[in-house]
Amino acid sequence: MEGAGPWGWPCLLLLLKVSGFQAVDEEEKQIYLQEGRNLTVSCVYNIMLFSSSLKAWQRVESQGPPETLVRTSTRNLSLNQARAGRYLLEDRPSDAVMMVTITELQPQDLGLYQCVIYLSPQNFHLLLPRIRLTQYEENGTSSRNPTPKGNPDSGMLAPDSGLQVLVIVLTCGFILNKGLVFSVLFVLLQKGLW
């Protein structure tokens, strides 16, 4: 990107991120399993595309298709709930969010999970990030990753740098928007149309 100035590459990378291009580590969030406690996970979806679609919570195995643990069966625009064993799924279409609660976490709950828009048993739309439940070990590491990303006492995710990303997105958008407006004005002035 020659001549793009100091903002060229960062803005290009940011646009790739905003457009849906994600690195592998951003597709998965790690949560530490706390035996006997409840865990609630929220998944956000596009309200325009999926507000009236069925939603599901799945466990991803290393081989074979994902196992659907709980799935909504109604398409209400206010609230859809489904319960299967220790899994509770609440879909709130007006907020474009589905929340899944796993009650009384157990060691066999370790693994990779995902929220999906359930179109059919073989066809679903994945909502990122996937959730990996890992075991927190006393020496300060997890069974999968030697540098833990969350607080083992909270049962929640470590805070992301969402505010920083928002500031960068707004700044780049502002710069690109102003550049586009000035370019159009320049062309119009050169042609004598203004």
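R92 is partly exposed, with a relative accessible area of 29%. In this predicted model, R92 forms a salt bridge with E90, and the closest N and O atoms lie 2.8 Å apart. E90 is buried, at a relative accessible area of 14%.

The structure holds 5 salt bridges in total. Another of them joins the side chains of K55 and D91, at 2.9 Å from N to O. This pair connects distant parts of the chain. K55 sits in strand β3 (residues 54-60) and D91 in strand β6, 36 residues apart. Both K55 and D91 are buried. The side chains of R59 and E61 also meet in a salt bridge, at 3.4 Å from N to O. R59 counts as buried because its relative accessibility is 16%, under the 20% cut-off. E61 has a relative accessible area of 37%, so this residue is partly exposed.

Strand β6 also belongs to an open sheet of 4 strands. The strand order is β2-β7-β6-β5, and the pairing is antiparallel. Strands β2 (39-44) and β5 (80-84) form the edges, each pairing on one side only. From one strand to the next, the twist averages 15°. Strands of a sheet pair through backbone hydrogen bonds. Between β2 and β7 (residues 97-102), the antiparallel pairing runs over 6 bridges. V41 has V100 of β7 as its bridge partner.

V41 also features in the largest nonpolar core, which has 24 residues. The members that touch the most others are V41, Y45, W57, Y87, M98, L127 and L133. At least two core residues come from each of β1 (28-33), β2, β4 (67-71), β6 (87-92), β7, β8 (111-120) and β9 (123-135). In soluble globular proteins, nonpolar side chains tend to be buried together.

The contacts of Y45 reach several of the residues already described. Beyond four places in sequence, Y45 touches residues including K55, D91 and R92.

A search of the whole structure finds 1 disulfide. C43 and C115 form this bond, with their sulfur atoms 1.9 Å apart.

How values were computed: Residues numbered from 1 in each chain as written. Predicted model: local features only at pLDDT ≥ 70, side-chain atom pairs only at ≥ 80, totals over all residues. Heavy atoms only, no water. Pairing = 2+ DSSP bridges. Axes fitted to C-alpha atoms, helices over the stretch in contact; angles between N-to-C directions. Core = buried A, V, L, I, M, F, W, Y, C linked by side-chain atoms within 4.5 Å. Buried < 20%, exposed > 50% of the residue type's maximum accessible area, 1.4 Å probe, protein only. Contact = heavy atoms within 4.5 Å. Disulfide = S-S within 2.5 Å. Salt bridge = Lys/Arg side-chain N within 4 Å of Asp/Glu carboxyl O.
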